[in-house]
Amino acid sequence: MFDFEKLDKTIHEKGRLGIMTLLATRPSWPFQDLKAELKMSDGNLVTHLRTLHDAGLVAVTREVLDRPQTSYALTAKGRTAFREYLAVLEQIVNAGKPRR
Amino acid sequence: MSIRTEAEENLRVIRSLMEKATVYRAISAPGALVGGLGAIAIAVHGIWLSHRSSSVLLRFALPWLGLLVITAGINIALLAREALRRGDPFFSPGMRLALRAMLPALLGGGAAALAFGLSEPEMLACLWVLFYGISLLAAAHFAPKSICWLGRAFFVAGFLLLACTPFVGFWPKIGDIAAVAHGIMGATFGLFHLVYAVCTWPRNRAAETTGGEP
């Protein structure tokens, strides 16, 4: 029987899963790009990002180039947690497949 | 929804988001800088020595193919270092995507070298510019904007050079054909790559990161 407790509940939520997935594709994402890609409201996105940041999965960088910009990236812990989450999903899918 | 269906649905969402969001920079700024400076050096040297009566292959095709090998090697080394820094495999999904998209047009440039490398360097230069532009544009849907602009610049330059040929007469009338070809290569592969390197060079920013190192 599969142990569902292995699923990281912080990542498993739909909105946060989308954020983690996007952050895994590039070194960093500006807030506005994340918002446009995920079609989330500012408040919703900020809340999810804060949860991920508090869990140590996401790093926040505030920088000033032409104008102030906040960008987000996976931390080493976040990258590992995302890989482990994917591995657990694959285990679940494979566990349900009929054996030959 | 069963946990397995939910897991399958989540994996589908993850795959689709990753495919949509993958951005791959196939040309690094330092690689472009080395390539651009090398191209200008070869072009100037080629034009300077264009009066020498050695074969077109020696005067034009071989120096440029040599530069291609050197800059491709440097670019691969820089991309590998960047992949290592991020903890990604060198043959990342992004790189595989880029190779699949760009390879046909790059092979077209290789075929043009076989067809015109010995006799018509000016045509070869125009076709290399055009094919290189097409290869960069083929990667446009997952490349950063700067690569798209570089691709457009090469494509437009190659297109105009080829399209204008019938109206300005044959290139040799302008001057020595190898010198003309070197000029085309220096003005495009040299200058365009230098502009790209300047525009995409990583800049020092005042930044404050919280939550751990990205």
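Chain B comes to seven helices and one strand, where helices (H or I, at least four residues) and strands (E, at least two) are DSSP runs numbered from the N terminus. This is a predicted model, so local features need pLDDT of at least 70 and side-chain atom pairs count only at pLDDT 80 or more, while totals for chains, interfaces and linings use all residues. Residues are numbered from 1 along each chain as its sequence is written, chains are lettered from A and ligands numbered from 1 in the order in which they are written, and side-chain values use heavy atoms, with hydrogens and water left out.

**Exercise 1. Work out the order of the elements in chain B and how much of the chain is buried.**

Step 1. Start at the N terminus and read along: α-α-α-α-α-α-α-β.

Step 2. Now for burial: 43% of the 214 residues of chain B count as buried. Buried means under 20% relative accessible area, exposed over 50%, and partly exposed in between (1.4 Å probe, protein chains only).

**Exercise 2. Describe the lining of the second largest pocket.**

Step 1. On a 1 Å grid over the protein atoms alone, a pocket is an open set of points where a 1.4 Å probe fits, with protein on both sides within 12 Å along at least five of seven lines; lining residues have an atom within 4 Å of a point.

Step 2. Take the volume, about 1,000 Å³. That is the space filled by probe spheres set on the points, with grid points joined across faces, edges and corners.

Step 3. Look at the lining: 34 residues, with B:Leu68, B:Thr71, B:Ala72, B:Leu106 and B:Tyr132 nearest the centre.

Step 4. Trace the helices. In chain B, H2 (29-48), H3 (56-86), H4 (93-116), H5 (121-138) and H7 (177-200) each supply at least two lining residues. H4(B) gives the most, ten residues.

**Exercise 3. Find the salt bridges and say how accessible their partners are.**

Step 1. The test is a side-chain nitrogen of Lys or Arg within 4 Å of a carboxyl oxygen of Asp or Glu.

Step 2. In chain A, pair A:Asp42 with A:Lys35, at 2.9 Å from N to O. A:Asp42 is partly exposed at 38% relative accessible area, and A:Lys35 is partly exposed too, at 26%.

Step 3. Over in chain B, B:Glu8 bridges to B:Arg4, with the closest N and O atoms 3.2 Å apart. These two sit four residues apart in helix H1 (residues 3-21), so about one helical turn separates them. B:Glu8 has 26% relative accessible area, so it counts as partly exposed; B:Arg4, at 27%, is partly exposed as well.

Step 4. Finish with B:Arg12 and B:Glu9, whose side chains meet at 3.2 Å, N to O. Both lie in helix H1 of chain B, three residues apart, about one turn of the helix. B:Arg12 is partly exposed at 48%, and B:Glu9 is partly exposed at 28%.
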